[in-house]
Every structure is written in structure tokens, then in C-alpha cells.
Amino acid sequence: MKNGFIKVATASPLTSVADCTFNTQEIAALIEKLSHENAELITFPELCITSCNCGSLFTQPFFIKKAEDALHTLLTAGKASNSIIVAGLPVEHTGRIYNCAVVMHRGNIMGVTAQGNPVSPFAAATTLPANATITLCGQEARIGDNLLYRTPSYTFGIEIGSDAQAPLTPGTLQAIAGAEVIINPVAAGAEVGAIDKANEQMAAQSRRCICAYLHTNAGYGESTSNAVYSGYNTIYENGTQLSAGTPFTNRSNYSITEIDIEKLRKLRIASRHFATQTAGQPFDTIYIAQESEERATLTRTFDAYPFIPKANAGKRYEEIFSIQTLALAKRVEHTRAESCVIGISGGLDSTLALLVTANAFDTIGKERKNIIAVTMPGFGTTDRTYNNAMTLMQSLGVTIREISIKDACIQHFKDIEHDIAKHDVTYENSQARERTQILMDIANQCNGIVVGTGDLSELALGWATYNGDHMSMYGVNASVPKTLMQHIVRYVAGKSSNEKVRTTLLDIVDTPISPELIPADEQGNIKQKTEDLVGPYELHDFFLYNFVRYGFSPAKIAMMAESAFKETHNKATINKWLTTFMRRFFTQQFKRSCMPDAPKVGSCNLSPQEGWSMPADTVNTIWTQACKEL
């Protein structure tokens, strides 16, 4: 597929014990169906050709031969398919029976993976000689437990059944050796809670190994003499479940979705663990000349708000708030600062910074009156933001200072001979730098530090005045994006027992985002709205996450955004603001190169010390050209 995706499927067919013909027909029907859905990789359960409950029949040469005949039928059925098929059966080699998964493509046996630690009557893969081969259905192929399968698009390995429960699993070694996809065909009896336990293990394994994990269990029709088989099959990617079949059904069922191989590779490149680990054993790589399935349709969805936690949201907001709090508390104690100075505008960023500062002072036992909150009305300050700022400061019990910047800026414009009626970048930035100068000087007066308010989204876009609001002595919001900040402030509001604080915080969240550097309109409302100028923050945060976290190309980010925001933003809008993002992200790097210290709270961080590293004069030509081609 395009953009680094591959379509995969896990299937649990209806089974009849020891009836290889029936089982093969069910598997072949699923292969035909899933091939029509353009699955590039289809995997079936352990011993699915024979069924897993055949006991002593596994020792009968006649039965093993019938299983091989059934495999031949599957090879014939798969000739016309581009899908790689993985199916389980018992095979005989040098007088021993092995529990195997056979890998097939276009009627050819590509390799035979044997189980490492099976139960009787199967022999362990370790009993196979080095570089062993086997002849099945008239074809010679490698057999062993040290096989990797590589296509032009991806590499996969197989760990059979209970091998996945070993302290050091085959899949772990396969992942270290380069497999992005681990297949786990299983025939395990159901127990209460077993599916939940399996999901926990697969989530952990796929996250730890930064891989996709395809699990499929035997299902209905297996013998119930001792157990029931759930037929549960699922697909995980880096800790996230992408798709799952229906367990405990009396029909065949399957899961099908797309895996983002490009994302997995980027995460591995960035992982210091993959940079230093070796598999510790040699793997033989089998090459499969599979054509990329360009006809496949992308069906998986993308999170429009990747920074917003979906599970245990309140707990996550509390963790973020705690990280910010303790980071500032440590900095205050270390510098022996008697106070913290913070500019309060009535906007979202300074509100969260003030809440963090108040909580930090509570944590270390300092009185809130030592927080010097300064509101600095300017030419664009509106009544709404001014009143919210005053109400919040009063309610939190901090020391309030109000210093208008108008006269100072008017004098400054005279000094530099700037026309005050010309509302250009000089007009705007002069106000931001005047405010920063005031805060810095007050900090000197009060033996304090200036707490920065700028957020991650602004840093990405460079939407900050250099040596103005860009500068502070410690930035508590620097790795919190704008979309997440709204949720944190709303969360803190919900926890507050002070009705006035709660009401004020919620109104701040609903206030249009603005630097308020341009005079208000005739009705006194905010005229300068940031999102009208640089674009919607929900789009920019989406671009930021997928560019920095995964290194995706503009084309892939645009495609994902079109899917994620199909109800709210059209293609032209997305492409316009993506172009803006790419241009500003590169050209504004110089502001991030000298940004103040700030705590990391998530996987995206633009600090040159702990996050994004890039020379300030990096040329953005290939990215902007890619945007032009969208």
C-alpha cells in the first residue's frame, strides 16, 4: 500500500477434528475472501489444517500424509492470490513430528517455522540440524525456528503457541533481528479472563518490541472434551489494538486492518534499545517477492487529537499537572528564589502557568503572596481577558500588580520613529518585549524568577516574539500543546471548590486565542485571533505530533489529516495550513535553539537538550516542495 501501510488479516476458521478436507475448505474460503479484500498477509491458527486435538493421531504417518495433501490443496488455492498465507500443521522430518507454521505465497512454500518448545508428541525445533530443509508437496524449503521472512515492504517472524509465553520469546529475538511483524498462531483452550490476559501481554509485547503483533487462536469445531477454544484473533501495533474478531462464535471469523510499517521503523530508529541490542543468535532470512498491494483501501482511522489521552484522561491530566508542578518547585528551591513573577493576560497559557505556580508554592510550603502576578494591559487588551485575569489572580490569593504598557510603548515608538498607526510586526513585538522587560526587572526587585507561559504549539510555529514572550527563566508549558492545555485547565476547573475560580477558568478556555496586540473591534471584542492568522491549532497539533513523533512525509500527514478531520476541514484547508506548518517549523528553529529550560511531559518535546535537535539554518526545501505537490 501507499505511505508505508500493509493490510493484514488474522482468521480463525470453523474446524472439524482430524477432518483435513473440511478444514482446508474453510481455510481456502477465508483465503479467497481476504484476498479479495487485498490482505497482503493472512495468518491462521496453530495446527489449523488438522485441528489441534488429534492426540495419538499425530504419530500416524497416514494422518501426517493427509495433512500434507491438504496443504497441497491450499497451495493450489493460493496460486492466484498475492497474499502471503501462514497456516499450521504437523510435519514429519527425520523420524520426528514437528508442530509447524507453513508460509506460502502464490502456490510456493517459502519456509516452515517449527515450534521451539512444544508438548508431546511433537519434537522441539532444537532437534533439527543446522540449515535443515524439508520436502513438502514436492517442494523443498527451509525448516527451523530461526527463520525470518522478508518482502520488499516488511519483515515478519513467527512464534507458535506457548513459545510466546517464554521468558525470552522467539518474537522478541525476531524483532531485534528486524521483524516488524510477529505472528502468533495459537491453539489454546479458553479460561475465564484469558482473553484479557492475552490482550495485556500482546499490548506489552508489541510496545516493547515496537512491532505489529498478529494473534489468532483455534475456534469453534475443535474438540470440547477438555476445553473450549475461543477463536479469538486480533491485531496490535506498538501497544495499540487495531482490530479484533468475535470470540466464542460458532462461525469462522477474522480481523483485518492496516499496519503502519513506516511508523514502526521510525520509532525503532529513535529507540536507543534497538540501537544497542543484538538478537544473540543467527537468523536465516527468506525473501518473498511479493508485489505491493496498491489496490488496497485504507480502512483504519486516525486520532484527530493525538495529544489528548483517551483512557484514564483525568489521571493523565493530573500526571501532567504534577510534572509541571514539581519541575517548577525544584527550580524555585534550587535557585533559592523568594518569588515567582508571571505575566497574566487572561488567556489560556498564562492561566495554566499561574495554576502550576500556585500549586508549586503550595507543594513546597511557600505563601502564594510571593507569586507576583502582573497584568499589563496594552492596546489590544479586552475587558473579557482583563476581567478574567483580575478575577483569577484575586481568587488564587497571589500578589497582583497592574502595569499598563501603553505609555512606555508610545515613548518607544517615538524613540525608534515608528508610526503608531502602523500595526505591523514592530508594533506588535514592541509590546511583547516591553512586557518581558517589566517581568524580568520585577524578578530582580523581588529576588525571583520569571515563569514562562509559552506552549508547545507556539514553539512549533515560532508564534512567539524573540526575546519577548519567547524568553523566561523557566517555562512550565513548553511541552504542553494548545489542544491539551484546554483539557488540563478544564480538568483543574472541575477539581476546584471555588465557584468563582471554576467559572473563570471555563470562560478562559472558551475565549478565542489571541496575543491581543492589535486594538479590539468597535464592540470591544478580540480582533486579532491567532487561528485566523496561523491556522487551527487542532490541525497544527496533529501535524506536529505526526511530523516530530513519527517523521511522516507531508503527503502522508495530509492523507491522515483528511481522514481524521473529514467532518471539519476539507483537503484544500488541510494542505494550506500544512504548508504553513512546514514553513514555520523550519524557519523558526532559531527560537527553539535558545529556549529556556522546561520539563518534558510527553513523547513530543522541542527542547534542544532533551527533544528536537536541528540546526537553525536547516533548509526546508524538500518539505515545502512536497507540500506544493499535494
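1. Let me start with the sheet pairing: strand 16 (residues 339-343) runs parallel to strand 19, with three bridges between them; strands here are DSSP E runs of at least two residues, helices H or I runs of at least four, numbered from the N terminus, and pairing needs at least two DSSP bridges. Serine 339 sits opposite glycine 448 of strand 19.

2. A quick caveat: this is a predicted model, with local features needing pLDDT of at least 70 and side-chain atom pairs pLDDT 80 or more, while totals for chains, interfaces and linings use all residues. Numbering starts from 1 along each chain as its sequence is written, and side-chain values use heavy atoms, without hydrogens and water.

3. Strand 19 also pairs in parallel with strand 20 (residues 474-475), through two bridges. There, valine 451 has tyrosine 474 as its bridge partner. Five of the five residues of strand 19 (residues 448-452) are buried, so the strand is largely enclosed by the rest of the structure. Buried means under 20% relative accessible area (1.4 Å probe, protein chains only).

4. Have a look at phenylalanine 156: beyond four places away in sequence, its contacts include Leu41, Val103, Tyr149 and Ile288, with contact meaning heavy atoms within 4.5 Å.

Key: Buried < 20%, exposed > 50% of the residue type's maximum accessible area, 1.4 Å probe, protein only.
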